[in-house]
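Okay, thanks for coming, everyone.

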Amino acid sequence: MAKVHVTTSINGEPMEFLCEPSDTMLDALRGPLALTGSKEGCASGDCGACSITLDDRLICSCLMLAVEAQDHEIRTIEGMAQGDKLHPLQQKFLEMAALQCGICTSGMLVASDALLKKNPEPSEEEVRFWLAGNLCRCTGYDKIVRAVMETAAEMRAQ
Amino acid sequence: MNLVTNNKWIGQRTIRPDGMDKVTGRAQFAADTTMPGMIWGKVLRSPHPHARIRSIDTSKAEKLPGVKAVVTSKDIVDFPIDKGAVMLGIQDMRWMCRNVMARDKALFPGHPIAAVAATTEAIAAEACKLIEVDYEVLPWSIEIDDAILPDAPILHEFNKFDGKPSNIAGRLEHKKGDIADGFKKADVIIERTFTTRPVHQGYIEPHACLISVAPDGKTTIWSSSQGQFMVRAMTAYLTGIPQSDIRAIPAEIGGGFGGKTIVYLEPLATLLAKKSGRPVKMVMTREEVMRATGPTSGSKSTVKIGATRDGKIVAAHGTFYLQAGAFPGSPIRGAAGCSFTPYDIPNLLSEGYDVCSNRSKVAAYRAPGAPIGAYAVECVMDEVAEALKMDPLDFRLKNAAKEGTKAAHGPVFPRIGYIETVEAAKNSDHYKAPLGKLQGRGVASGFWFNAGGESSAQVNITEDGNVVVTTGHPDIGGSRAGIANICAELLGIDYRRVSVIIGDTQTIGFSNLTGGSRVLFASSIVVTQSTEKIIQTLRERAAKIWEIDPEAVKWENGAAHPVSPNAGQFEPLTLEELAEKAPAMGGPIGAGVQLNTTGADGGFGTHVCDVEVDVDLGIARVIRYTAVQDVGRAIHPGYVEGQLQGGVAQGIGWALNEEYIYTKEGKVDNPGFLDYRMPVCSDLPMLDCIMVEVPNPKHPQGVKGVGEVPLVPVMAAVANAIYNALGKRFYALPMSPPKVLEVLEAPTQQAAE
């Protein structure tokens, strides 16, 4: 079967790639686009390690077909820092030890960023329910929730 | 021991060396690399729980365009059963060679039968379907009760127990005093039987590897594991390639918890790469992870504890049956050896039985066996305390192990911090806080051995006067951060000048597994000794420049200083200056140390858990949790707390939801994260930590292993809390909503003797 040519935008850059019609967006990111920051933990939308945004909406890239990226805007963990300046969430995760093995970290950060864009002042419960689609087996979530809440407070103060 | 208390970096929450790569998506995990010419490997797995393999025909698969190689058990080095054990650590290669690829029998659904490498993953998967396997399907058993029946289907006919073919592959016991005598002195005796289900380690990163074998046999393995040296040795054993030809590079590892202390894919990918002449990548699906790797044992335990009216335990007896899965090797040592260890019990018998059954071979899971045993013991402790009308923490204090106590598994304890953990739990705000309706509070303690073992380090001073530390242990939870703190502390420089690297098998000396809570304990010993050698060299070089005695030079704040009688006579020489002068002063500055470390004392923890139960839906929710642990010395408190919190979260999952569910055909019915439900963020409260620091006198910084203890007490703490909330005891895990409702609707209690 012939591959499909897709024209899209990834992290603000125009991008083209070829994929199989059955490839997921995660396959395309990790394969032809060589953006391996998004991880595959389950391929069934249960772990959130592949979280990206599609036109600013948080999704699991393993549940999206790559061809659906045509003419849309995709953002991934690789686009979160601006040059050598980390996003405040990335900085706070480092400072507060909100990661251990790091396999869920990309997805956690992308999901947390999407939350703070939607709700700059989330309660602990709102953070916990928003991140309920992102599994972390190492941390027990405590430091992640604290890091998101503290980042939100600092971003509001600025 | 000179424990430095006025530290600059030890005890600080520094930024971890690998953190930047992990928050930006740069970090390369097992599945994140490619090689030129790379092809893909896939595994054909048994659909049957138990079947003799009469024949395998791979000819059709081999003819499929795009297929480059097929391997079966014929390609794997055989370790004949009658030749006796060939041990690599705790693993017997006789079982490993049969676990990575079924030899004469398939022993669980998911057991590898053959592997294919092809130009695409889709072709490899298609080729697997073309392999024809002639199975003689056999009767099977999965649950312990079924596997130990006299007429149970036997997995390994050669295995005998009491002279007869049996699925019981081994028994061990720890004994102290005479329990028959001891129980005679008891005023209260409680005996209960508990069951737990198999649970998976649940690492988010599936097993993966990328392997290239050159025509001369030189092999490069890129994979994530809890030990690149284990990967090298097992691959060498199973493929016949000498260890010196295998470079195993440790990728960043996306969680292990014990489950990545053995290999599954690497030997297969190596053989496929050798046959095809192409680099081969293999990545498990989540379903493959759930069916064919880990999990830990399901169990059946009976625990009997007798105490006098004044609260002194006089005798205890534990019998722990653990599922080993397809091959011998369940963690009975942890169950039998750890469960009673927090207590000084004069008469004790603790027995473990290793039971084979038709499910995947058990893999280590965080304090293997100990949480299973502690669940039973700590629940009975709660009942005994209640029968004695004693506060459960006071009951534990009254019987606590301390310096001089002889543990049933052998050691006489040095100074330990168990009592401190119970006292800290008792004095915590949490323990004194009021409870609401349908809320309950439970406590439990736990012990884990902790390991020492082999570690290697090389510390080099760069030409510009900074530091590179190389060790040989994959870092799962932040060990590089701890090493940077220690090295910077010793050298008196900013921790950001210390780069910490995990070496591959050909660039750093042998280092045993990341497991047994041993990494920071062992690696900081070799890093400390290496750094001390470097400091000695730096003092000697400064002495030579100043033309004074090296003993008259001290190292402080990152520089050599003259001391009396030369104090103040020379300007200090900094690390940068001495590095610059190195070529003229004897050459590069660096030191390496390799040791089999000892002195890893066991660790103790005491947990307090509050639950609230929704009696309509049967949902028990943990609403407050405090983990108290003797951590020795918290080199990086953030990552020590992280270990405590992570262990607690896994224990809450084990207590309340996680379990392997099997179909009536013997297959895992919930091989994904939707149906195998691990705790998600909205399931948990904040997890409070109280770190008690009783420094390990046998370690230069006082370090004790911290990673495994925090899982040990959790299930009992949750179960005791649910009892406290409902007045009903649960004797089986998980205490999931349907099971809570069942108990609420059918009240029964096992009677006290």
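Let's begin with helix α7 of chain B, residues 228–239, which lies across β14 and β15 of chain B and runs at about 145° to β15(B). Keep in mind that what you're looking at is a predicted model.

So, the two strands under discussion: β14(B), residues 219–223, pairs with β15(B) in the parallel sense, over five bridges.

Now zoom out a bit. Where do those strands sit in the sheet? It's an open sheet of seven strands in chain B, in the order β3-β7-β1-β16-β13-β14-β15, with mixed pairing. The edges are β3, residues 67–72, and β15, residues 246–250, and each of those pairs on one side only. On average, neighbouring strands here are turned by 20° against each other, if you ignore direction.

Okay, on to another helix in chain B: α19, residues 714–726. It has 13 residues and reaches 18 Å from its first C-alpha to its last, close to the 18 Å expected. Is α19(B) mostly covered or mostly open? Mostly covered: 12 of its 13 residues are buried. Among the buried ones are B:Val714, B:Asn720, B:Tyr723 and B:Asn724.

And what covers them? The list includes helices α11 (370–387) and α18 (637–656), plus strands β20 (439–448), β28 (603–614) and β29 (619–630), all in chain B. Just after the helix, B:Gly727 takes a positive phi of about 75°.

Setting aside neighbours within four places in sequence, B:Ile722 is in contact with B:Gly440, B:Val611, B:Val613, B:Ala620, B:Phe730 and B:Met735.

Last stop, where the chains meet. The contact takes 43 residues from chain A and 41 residues from chain B. On the chain A side, α2 (88–95), α3 (105–118), α4 (124–130) and α5 (142–157) each supply at least two residues, and α2(A) gives the most, with four. What's that side made of, by class? The side of chain A that touches chain B has 22 nonpolar, 12 polar and nine charged residues.

That's my tour, thanks.

Notes
Residues numbered from 1 in each chain as written. Chains lettered and ligands numbered in written order. Predicted model: local features only at pLDDT ≥ 70, side-chain atom pairs only at ≥ 80, totals over all residues. Expected span 1.5 Å × (residues − 1). Buried ≥ 20, exposed ≤ 12 C-beta atoms within 10 Å, placed from the backbone. Contact = placed C-beta atoms within 7 Å. Nonpolar A, V, L, I, M, F, W, Y, C, P; charged D, E, K, R; others polar. Pairing = 2+ DSSP bridges. Axes fitted to C-alpha atoms, helices over the stretch in contact; angles between N-to-C directions.
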